[in-house]
Amino acid sequence: MGAAYRVASELALQPEVDYPNSPFFLGPEAPCRFEAEVFNCVVRGEIPKQIDGTYYRCMPDHLWAPLYDDDVFINGDGAIDAVRIKDGHADFKQKFVRTERFTIERAARRAVFGKYRNRYTDDIRVKHKIHSTANTHVIYFEKQLLALKEDSLPYAMNPDTLETKGVYDFHGQYTSPTFTAHPKIDPHTGELITMGYEAKGDMTTDVAYFLFDKTGKKLEECWINTPYVGMMHDMAATDKWIVFILTPLAGVPLDLLKQGHKHFAWDENKPLTFGILPRRDAKPQDVKWFHYKNAFYGHSGNAFDGEDGCVYLDSPLTYMNKFWFFPPIGEDMHRAKSAQRPMRDPVSHYVRWKFDPNATDLYVEPEELVNVNGEMPKVDPRYETKPYNFVFLAMTDPEAEEAPAGGIYNAIAKCNINDGTYEYWSAGINIALHEVAFVPRFPEAPEADGYLISVVNRHDKLLTDIVILDTADMAKGPVAIIELPFRLRNGIHGSWVDQEDLPGEDFVKP
Ligand SMILES: C=Cc1ccc(O)c(OC)c1
Ligand SMILES: [Fe+2]
């Protein structure tokens with residue numbers, strides 16, 4: 001490399017940190033591997049004084065070089081980032097969830113667990129251990145953080161210290177071995193709505209639905225079966241209904257899994273499928289399945305009950321396999337046709353699905369609400385499960401000539417779903433921008449009026465900024481930038497928690 005740093009020879013990396021030569025592990029996405037604490041971060045601009053609480057997010061970060069070179073970034077160890085904001089100042093912390101995998105691999109000083117959701121690729125001694133990486137979402141329930149991975153139960157953590165308390169099964173009430181990374185908390189009742197899929201083992205069509213009251217008492221449990229096995233990453237809920245979302249990222253035949261195949265493979269012959277089930281007094285025979293064509297569904301924006309008795313679900317819809325690293329069986333992940341951008345249709349747009357509980361035609365066609373190429377939808381949490389007007393999306397700047405690095409997002413939009421208009425801030429080209437968290441300007445503020453918090457990975461400087469935007473003037477860009485003295489990786493999902501809801505212990509100990 002440069003002339004200044006002279007070494008006698010090329011020194012090979014130690015095997016446990018010799019990561020594959022893949023974009024998942026290189027440059028701005030090279031594993032971070034550290035835990036951190038920064039008291040009083042460097043801030044540019046002014047953090048609005050009303051913001052009082054903590055932003056948590058989940059970041060997959062392979063601590064050890066994976067056992068298999070084609071491992072996927074969603075198999076990285078879960079690190080929790082926390083930014084505590086008070087009186088215009090910000091403190092930062094990052095800590096790994098102490099999963100069973102974390103502890104075993106730390107003792108071994110190398111990877112021991114195998115491919116994403118494939119026990120048959122593990123070192124035989126850990127095949128029956130808990131596989132959770134706790135790397136997908138972090139939510140707040142019963143005064144604790146729950147770090148989530150959809151193949152396992154949650155890990156509970158202390159929201160102030162970020163110490164891991166252990167696996168959480170709702171005091172024995174949760175009876176499925178799997179738990180979605182996208183449970184919903186009803187802002188009106190405080191209830192937690194959740195489910196687990198492949199709930200009787202790998203490649204089973206069993207799904208378990210659960211409803212807990214705000215104190216964690218189980219109100220509903222209902223087991224159903226899906227038309228096929230596939231990734232059921234997100235879900236949705238209204239006052240009266242639950243929506244299950246089954247995507248064509250199909251589970252491979254069990255014998256292929258046992259031979260070491262990836263867990264999921266895109267199936268061009270399977271339709272994007274939705275199931276509705278009554279939220280209360282749910283019975284297995286009450287589930288009703290609808291389908292669209294072959295298409296990709298990532299995340300739900302919101303859902304609500306119509307006055308017509310129908311269930312409405314709003315979401316981005318994508319016309320290509322965004323999870324190209326799970327190609328159709330037998331295809332090369334870098335060349336899979338299913339991962340090609342469509343010629344005519346948009347790549348993604350924000351749409352509305354309508355499910356009529358009395359329908360006889362089970363084919364559904366969505367209606368476009370907003371024509372933006374975005375994902376990671378977030379609505380004002382006070383409107384979840386209810387009719388609403390605005391959605392925030394991470395998106396690709398529609399006016400930029402170049403796409404952002406790595407095909408990820410470089411802009412944040414506030415979209416009006418009633419007229420399809422949107423306002424946005426574009427952060428430029430050489431960056432990666434992530435999901436937002438929304439903080440209302442004050443408790444009774446109008447819908448979507450307040451602040452957005454997001455993470456910007458600066459590929460130009462190999463550093464990370466946490467940005468705060470005012471939703472009243474999106475195009476202006478951040479009102480404050482919290483500059484971290486290091487680089488983070490792409491994160492997945494996060495949550496904002498108001499200070500008044502937190503236990504109130506020290507965040508950074510003196
Ligand atoms: C964003 C989607 C998604 C889906 C499944 C996963 O296991 C995951 O892990 C980080 C992420
Ligand atoms: Fe997700």
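# Briefing on the predicted model

In the hairpin formed by strand 12 and strand 13, five residues lie between the strands, and G216 adopts a positive phi near 90 degrees. The structure is a predicted model.

- Strand 12 (residues 206-212) and strand 13 run antiparallel and are joined by seven bridges.
- Within this pairing, D206 stands opposite N225 of strand 13.
- L211 has E220 in strand 13 as its bridge partner.
- Strands of a sheet are paired through backbone hydrogen bonds, in either a parallel or an antiparallel arrangement.

**Histidines listed in the UniProt record**

- An unreviewed UniProt entry lists H182, H233, H299 and H493 under "binding site".
- These positions span 312 residues in sequence, but no two of their C-alpha atoms are more than 12.4 Å apart, so they gather at one spot.
- H182 is located in the loop between strand 9 (164-167) and strand 10.
- Because 20 or more other C-beta atoms within 10 Å make a residue buried, H182 qualifies with 21.
- Beyond residues up to four places away in sequence, H182 touches H137, H233, D234 and M235; one of these, H233, is itself listed in the record.
- H493 occupies the loop between strand 32 (480-483) and strand 33 (494-498).
- H493 is likewise classed as buried, having 22 C-beta neighbours inside 10 Å.
- When neighbours within four places in sequence are left aside, the contacts of H493 are R57, C58, T136, H137 and E435.

**Surroundings of ligand 1**

- The residues around ligand 1 are P60, I74, N135, T136, E150, H233 and I492.
- This shell divides into three nonpolar, three polar and one charged residue.
- H233 belongs to the shell and is also one of the positions that UniProt lists for "binding site".

**Domains**

- The domain assignment gives domain 1 (1-155 + 492-510) and domain 2 (182-387).
- The centres of domain 1 and domain 2, taken over C-alpha atoms, are separated by 26 Å.
- Twelve residues from domain 1 and twelve residues from domain 2 take part in the contact.
- On the side of domain 1 that touches domain 2, the residues comprise five nonpolar, three polar and four charged.

**Residues with positive phi**

- E198 has a phi near 50 degrees, a positive value in a residue other than glycine.
- E198 lies in the loop between strand 11 (192-197) and strand 12, and it counts as buried with 24 C-beta neighbours inside 10 Å.
- L462, also a residue other than glycine, has a positive phi near 55 degrees.
- L462 is placed in the loop between strand 30 (450-458) and strand 31 (463-470).
- L462 counts as exposed, with 12 C-beta neighbours inside 10 Å.

**Pairs separated in sequence**

- L254 is part of helix 2 (residues 254-258) and is partly exposed, with 15 other C-beta atoms within 10 Å.
- L254 and T205 are 49 residues apart in sequence, while their C-alpha atoms are 12 Å apart in space.
- Apart from residues up to four places away in sequence, L254 touches D202 and M203.
- A359 is found in the loop between strand 22 (348-355) and strand 23 (367-370), where it counts as partly exposed with 13 C-beta neighbours inside 10 Å.
- A359 and F290 are 69 residues apart in sequence and 9.4 Å apart from C-alpha to C-alpha.

How values were computed
Residues are numbered from 1 along each chain as its sequence is written. Chains are lettered from A and ligands numbered from 1 in the order in which they are written. This is a predicted model: local features need pLDDT of at least 70, side-chain atom pairs count only at pLDDT 80 or more; totals for chains, interfaces and linings use all residues. Two strands pair if DSSP finds at least two bridges between them. Helices (H or I, at least four residues) and strands (E, at least two) are DSSP runs, numbered from the N terminus. A residue is near a molecule or strand if its C-beta atom, placed from the backbone, lies within 6 Å of it. Ala, Val, Leu, Ile, Met, Phe, Trp, Tyr, Cys and Pro count as nonpolar, Asp, Glu, Lys and Arg as charged, and the others, Gly among them, as polar. UniProt positions are given in the numbering used here, feature names are shortened, and annotations may be inferred rather than shown by experiment. Two residues are in contact if their C-beta atoms, placed from the backbone, lie within 7 Å. Domain bounds come from an automatic or database domain assignment.
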